[in-house]
Amino acid sequence: MKSSGIRRVLTVGAAVLVGGIALVVLLGGTGLGGPAAADGPGAALDAYGLTTGRLVGLVGALAALAGVVVGGLTLARPRSPIGTGTGRTGATIALVAGLIGVILGGYVVAAAEGGPGTGYGIVGGVVALVVGLTSLALGGLALARSRHPR
């Protein structure tokens with residue numbers, strides 16, 4: 001695969017990620033899919049429904065997971081198509097994806113008013129925080145290794 005093909009794939013991946021985050025923000029801003037517990041004591045809570053908090057936590061966890069995968073591949077093979085020579089591109093992608101995961105996970109954890117099973121997405125937020133921090137660590141390590149001469 002040529003360098004231009006890799007850039008195209010990364011651009012499409014980034015566009016999908018930004019689109020997903022925009023969707024989460026729009027859903028959160030309109031109140032669609034909010035926790036049923038917020039509707040009052042008479043509202044039934046669907047334990048398996050996709051609420052706004054769960055969606056934000058899920059997007060954060062998926063972004064962070066993508067960062068962990070890219071960061072791990074960059075560390076393992078810096079001269080591969082993901083690392084593109086020195087590994088700086090893969091490291092940067094891992095850092096940005098990890099930062100998105102930490103921000104979204106932190107937002108969900110801070111905004112949650114209940115524990116697991118309430119529809120606020122606390123479990124997804126904690127997963128996004130932990131995996132996001134892992135992605136940040138892998139991206140930082142890959143970036144530090146890319147700066148040192150071999």
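Predicted model: local features only at pLDDT ≥ 70, side-chain atom pairs only at ≥ 80, totals over all residues.
Me: Why does Gly 125 count as buried?

Reply: Gly 125 comes out at 0% relative accessibility. Buried means under 20% relative accessible area, exposed means over 50%, and partly exposed is in between, using a 1.4 Å probe and protein chains only. Gly 125 is therefore buried at 0%. Residues are numbered from 1 along each chain as its sequence is written, and side-chain values use heavy atoms, with hydrogens and water left out.

Me: What does Gly 125 touch, not counting residues up to four places away in sequence?

Reply: Gly 57, Gly 105, Val 108 and Val 109. Contact here means heavy atoms within 4.5 Å. Gly 125 itself lies in helix α4, and its C-alpha is separated by 9.1 Å from that of Ala 112, 13 residues apart along the chain.

Me: How many helices and strands does the protein have?

Reply: It has 4 helices and 0 strands, and reading along the sequence gives α-α-α-α. Helices are DSSP runs of H or I with at least four residues, strands are E runs of at least two, and both are numbered from the N terminus. Across the 150 residues, 33% count as buried.

Me: What makes α2 and α3 roughly parallel or roughly antiparallel?

Reply: The axes of α2 (residues 52-76) and α3 (residues 88-111) come within 7 Å and cross at roughly 155°. Those axes are lines fitted to C-alpha atoms, for helices over the stretch in contact, with angles running from 0 to 180 degrees between N-to-C directions. Angles under 35 degrees count as roughly parallel, over 145 as roughly antiparallel, 65 to 115 as roughly perpendicular, and the rest as oblique. So α2 and α3 are roughly antiparallel.

Me: Which hand does the crossing of α2 and α3 have?

Reply: Left-handed. A crossing gets that label if the near helix is turned anticlockwise from the far one by less than a right angle, and right-handed if clockwise. Residues that meet there include Gly 53, Val 56 and Gly 57 in α2, and Gly 90, Ala 91 and Ile 93 in α3. By class, this contact has 13 nonpolar, 8 polar and no charged residues. For the classes, Ala, Val, Leu, Ile, Met, Phe, Trp, Tyr, Cys and Pro are nonpolar, Asp, Glu, Lys and Arg are charged, and the others, Gly among them, are polar.

Me: What about α3 and α4: how are they arranged?

Reply: They pack at about 155°, with their axes 7 Å apart. That makes α3 roughly antiparallel to α4. The crossing of α3 and α4 is left-handed, and its contact residues divide into 16 nonpolar, 10 polar and 2 charged.

Me: And why do α2 and α4 get their label, parallel or antiparallel?

Reply: The angle between α2 and α4 is about 25°, with the axes 8 Å apart. α2 and α4 are therefore roughly parallel. α2 passes α4 in a left-handed crossing. Among the residues that meet are Gly 60, Ala 64 and Gly 67 in α2, and Val 131, Ser 135 and Arg 145 in α4. The contact of α2 with α4 splits into 11 nonpolar, 11 polar and 1 charged.

Me: How do you know whether Ser 135 is buried or exposed?

Reply: Ser 135 has a relative accessible area of 0%, so it is buried. It is found in helix α4 (residues 122-147). Leaving aside neighbours within four places in sequence, Ser 135 contacts Ala 64, Gly 67, Val 68, Ala 94, Ala 97 and Gly 98.

Me: Why does Thr 74 count as buried?

Reply: Thr 74 has 3% relative accessibility, so it counts as buried. It sits in helix α2. Ser 146 in helix α4 is 72 residues from Thr 74 in sequence and 9.7 Å away in space, C-alpha to C-alpha. Ser 146 is buried too, because its relative accessible area is 12%.

Me: What does Gly 114 count as?

Reply: Partly exposed, because its relative accessibility is 24%. Gly 114 is in the loop between α3 and α4, and it touches Tyr 120 and Ile 122, not counting residues up to four places away in sequence.
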